[in-house]
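Hi,

Here is the structure I promised to pass on.

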Amino acid sequence: MRGLLLILATSLALPALADRTDLPRPPPRMPVDERPTPFACNLERLLKGERCTFEFDPAPGAPSDSLARENSREAARASRSCADAATKPDDLHPDPTLRKMCEDDIARIALEQCTLEGRVAFADDEGRVVASAAPCVEELARALSRTRTMAGVALACCRCLAQSRCAVSGPQCTRELADFSPGHALQSCLESSCQETCSSVRPEPAAPPPPPSKARGDRATDTRT
């Protein structure tokens with residue numbers, strides 16, 4: 001009964017409230033803040049492997065050659081990190097050969113994989129990278145990581161081998177050692193020179209094959225008569 005009375009009282013009060021003009025008006029709608037958050041994905045943050053959020057994800061439009069070229073130029077900015085990646089941990093300056101290799105790899109990736117077909121911009125005016133560029137940026141980061149591996153692991157060994165008159169070129173040496181897959185020529189150099197310097201990149205010797213198991217037919221026959 002009390003519930004019914006409460007409903008009736010409320011229904012009678014609503015028209016009276018609607019007629020009042022002295023009630024406070026709702027506040028105006030707050031403007032949307034379109035500025036990047038501290039967690040927005042930009043190129044530098046993505047190349048460092050930091051966790052971030054793709055905040056720029058517009059709908060793709062019609063293909064544009066000029067936008068495709070601009071996207072490649074934007075992605076090629078990753079080459080600015082090549083100098084640091086090509087610097088051996090105990091050196092002050094980058095190795096020029098590794099730096100050039102890194103910059104060439106970045107330029108190739110930017111041209112072949114980062115155009116986004118000119119359908120959407122690589123980044124907005126605030127530097128936020130578009131979500132669809134994630135695979136391209138992963139390849140750019142992989143190229144930088146490989147350069148760091150070559151500088152930190154392979155560079156000293158390849159310098160030593162070059163002084164030892166190894167016929168394998170410096171770029172080929174660093175690439176093969178960074179992949180831990182030296183070819184026959186480089187393997188011959190590793191076996192004859194720079195054992196101490198190249199100890200960290202020398203492939204482990206192959207384990208000898210297990211001895212063949214004795215077949216049943218090879219068992220000693222019974223010579224008893």
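In this predicted model, the axes of helix α6 (residues 134–163) and helix α7 (residues 170–178) come within 8 Å and cross at roughly 125°. That angle makes α6 oblique to α7 (under 35 degrees counts as roughly parallel, over 145 as roughly antiparallel, 65 to 115 as roughly perpendicular and the rest as oblique). Axes here are lines fitted to C-alpha atoms, for helices over the stretch in contact, with angles from 0 to 180 degrees between N-to-C directions. Helices are DSSP runs of H or I with at least four residues, numbered from the N terminus.

The crossing of α6 past α7 is right-handed (the near helix is turned clockwise from the far one by less than a right angle). On the α6 side, the contact (heavy atoms within 4.5 Å) is made by Arg146, Thr149, Met150, Ala154, Cys157, Cys158 and Leu161. Cys173, Thr174, Arg175, Leu177 and Ala178 contribute from α7. By class, these residues are eight nonpolar, two polar and two charged (Ala, Val, Leu, Ile, Met, Phe, Trp, Tyr, Cys and Pro count as nonpolar, Asp, Glu, Lys and Arg as charged, and the others, Gly among them, as polar).

As for α7 itself, its buried residues are Cys173, Thr174, Glu176, Leu177 and Ala178 (buried means under 20% relative accessible area, with a 1.4 Å probe and protein chains only). They pack against α5, α6 and α8 (184–192). After α7 comes Phe180, with a positive phi near 55°.

The other pair to look at is α5 and α6, which pack at an angle of about 165° with their axes 10 Å apart. α5 is therefore roughly antiparallel to α6, and α5 too passes α6 in a right-handed crossing. Residues making this contact include Leu98, Met101 and Ile106 of α5 and Leu140, Ala143 and Leu155 of α6. The contact of α5 with α6 has 13 nonpolar, two polar and two charged residues.

Asp124 is buried, at a relative accessible area of 17%, and its side chain reaches the backbone nitrogen of Glu126 at 3.1 Å.

On conventions, residues are numbered from 1 along each chain as its sequence is written, and side-chain values use heavy atoms, leaving out hydrogens and water. Local features need pLDDT of at least 70 and side-chain atom pairs count only at pLDDT 80 or more, while totals for chains, interfaces and linings use all residues.

Best wishes

Terms used:
Helices (H or I, at least four residues) and strands (E, at least two) are DSSP runs, numbered from the N terminus. Buried means under 20% relative accessible area, exposed over 50%, partly exposed in between (1.4 Å probe, protein chains only). A polar contact is a pair of N or O atoms within 3.5 Å; within protein, one must be able to donate a hydrogen and the other to accept it, and residues adjacent in sequence count only if both atoms are side-chain atoms.
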